[in-house]
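Please keep the model open beside the text while reading.

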Amino acid sequence: MSIVLDALPKAAFSVLASSTTLKRLASRYGMRRPDSFARRFIAGESVAEAIEAARQIECQGLMVTLDLLGESVTSSDEAARATRSYLETIAEIERAHIGRNISLKLTQLGLDVDRATCVDNLRRILDAASTGEFFVRVDMENSPYTDLTLEVIETVWSIGYRNVGTVIQSYLKRSDRDVARLSGLGVRVRLVKGAYREPREVAFQQKPEVDAAFVDLMRVLLRSGNYPAIATHDPAMVEATTTFATQQGIPKDTFEFQMLYGIRRDLQAKLSGEGYPFRVYVPFGKEWFPYFMRRLGERPANVGFVVRSLFREK
Ligand code: FDA
């Protein structure tokens, strides 16, 4: 079963992710019980559940970033609602005294509606975040948004916000230039391989190429970035990072590792035990379906786990 599932292309999951029937079914069963399948990757639908998950993670000596799931909103009303939800999340995090770090997507704040609305919404969040000394990470979406995302980051940076960073994807062929551009400014970068299906004109298609680019970018960021985050579950990438840092005498506290909630908890605990700062990305909220499908696309063997849970649900 797992061999068959592993052969499913990432593309199949992109198609399934747009199915409204599947979304309806998943939304009905995915979070219903504490052992429902989506809970493996998503902390819950409410901020209270995310805070509870964050507390458990922090008890183990790890840090968190909370992501209120949502993307691709199509009206300024929806974008305003998402912004208000983020402001409420910031207030809840402050009240709960957990780590002050959030992640968000610009299409959630109206990037598809118009750029000015998106910048205004982001500034409202950054203002609230600055007062509470939060760090705000702007996730990177698919390649039509790369330039727009970097331009929005540069806009808020030029206004004077410093509590904001973004993400660079090693599968994009342009990323070495973008790393140089951001490092030149001092913007904090999270390095990832990239989660979307991209055309070969803009992105490497083979894992060895994506991995080689990841290692090159990691080295540049460790040498000249501003407290980079190396975000991967791949033991080979982790090993390349720790080896490079040791060889170059780069102190452990000048960068951090990050992984997603529910993935490779063994490796999370090991790295943190070895003294590397470690942050877990904790996604929550009702709009979890696209995020969930991307995780399945990365490791189709997880589908077997979902199917088994569905049978338990009945
Ligand atoms: P890769 O996919 O090559 O997997 C290596 C190994 O990791 C696998 O063999 C398996 O053992 C394990 N693994 C990976 N994914 C798994 C899964 N879903 N379930 C179980 N095991 C799994 N992307 C993006 O485009 N924009 C963004 O803003 C972000 N943000 C982000 C934040 C953080 C904290 C992380 C860790 C990742 C992201 N990503 C992202 C996702 C990223 O681009 C990438 O899709 C995933 O991290 C999977 O790639 P890996 O580096 O883990 O390697």
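1. Terms for burial and segments. A residue counts as buried when its relative accessible area is under 20%, as exposed when over 50%, and as partly exposed in between, using a 1.4 Å probe and protein chains only. Helices (DSSP runs of H or I, at least four residues) and strands (runs of E, at least two residues) are numbered from the N terminus. With these terms, Phe 289, Tyr 291, Phe 292, Met 293, Arg 294, Arg 295, Leu 296 and Gly 297 are buried in H12. That makes eight of the ten residues of H12, so the helix is largely enclosed by the rest of the structure.

2. What the model is. This is a predicted model: local features need pLDDT of at least 70, side-chain atom pairs count only at pLDDT 80 or more, and totals for chains, interfaces and linings use all residues. Residues are numbered from 1 along each chain as its sequence is written, and side-chain values use heavy atoms, with hydrogens and water left out.

3. The chain overall. The protein chain has 13 helices and eight strands. Its C-alpha atoms fill a box of roughly 55 × 45 × 45 Å along the principal axes. The radius of gyration, taken over C-alpha atoms, can be set against a globule rule of 2.2 Å times the number of residues to the power 0.38. For 314 residues, a compact globule would come near 20 Å; the chain has 19 Å, which agrees.

4. Buried residues make up 53% of the 314 residues. Accessible areas come from the Shrake-Rupley method with a 1.4 Å probe; for residues, only the protein chains shown count as cover. The chain exposes about 14,200 Å², and carbon and sulfur atoms supply 53% of that area. Contact means heavy atoms within 4.5 Å. Among contacts between residues at least 6 apart in sequence, 71% join residues at least 24 apart.

5. The ligand's shell. Which residues come nearest to the ligand? Of the 24 residues around the ligand (a heavy atom within 4 Å), the nearest are Lys 193, Gly 194, Thr 232, His 233 and Glu 298. The shell divides into ten nonpolar, six polar and eight charged residues. Here Ala, Val, Leu, Ile, Met, Phe, Trp, Tyr, Cys and Pro count as nonpolar, Asp, Glu, Lys and Arg as charged, and the others, Gly among them, as polar. Strands E4 (164-169), E5 (188-192) and E7 (256-260) and helix H12 (289-298) each supply at least two shell residues. E7 gives the largest share, three residues.

6. Polar atoms at the ligand. A backbone N or O atom of Met 140 lies 2.8 Å from a ligand nitrogen. A side-chain N or O atom of Lys 207 is 3.0 Å from a ligand oxygen. A polar side-chain atom of Glu 298 lies 2.6 Å from an oxygen of the ligand. The protein covers 87% of the 930 Å² of accessible area that the ligand has on its own.

7. Lys 193. This residue sits in the loop between E5 and helix H9 (207-224). Lys 193 is buried, because its relative accessible area is 19%. A polar contact is a pair of N or O atoms within 3.5 Å; within protein, one must be able to donate a hydrogen and the other to accept it, and residues adjacent in sequence count only if both atoms are side-chain atoms. The side chain of Lys 193 makes such contacts with the side chains of Asp 211 (2.8 Å) and Asp 234 (2.6 Å).

8. Glu 298. Glu 298 is in helix H12. Is Glu 298 buried or partly exposed? Glu 298 is partly exposed, with a relative accessible area of 37%. A polar contact of 2.6 Å joins its side chain to that of Arg 295.

9. Thr 65. Strand E1 (residues 63-68) holds Thr 65. Thr 65 is buried, at 1% relative accessible area. Its side chain makes a polar contact of 2.8 Å with the side chain of Asn 101.

10. Backbone angles to check. Most residues other than glycine have a negative phi. His 97 is not a glycine, yet has a positive phi of about 55°. His 97 lies in the loop between helix H5 (76-96) and strand E2 (101-104), and counts as exposed at 66% relative accessibility. Tyr 227, also not a glycine, has a positive phi of about 40°. Tyr 227 is in the loop between H9 and strand E6 (229-231).
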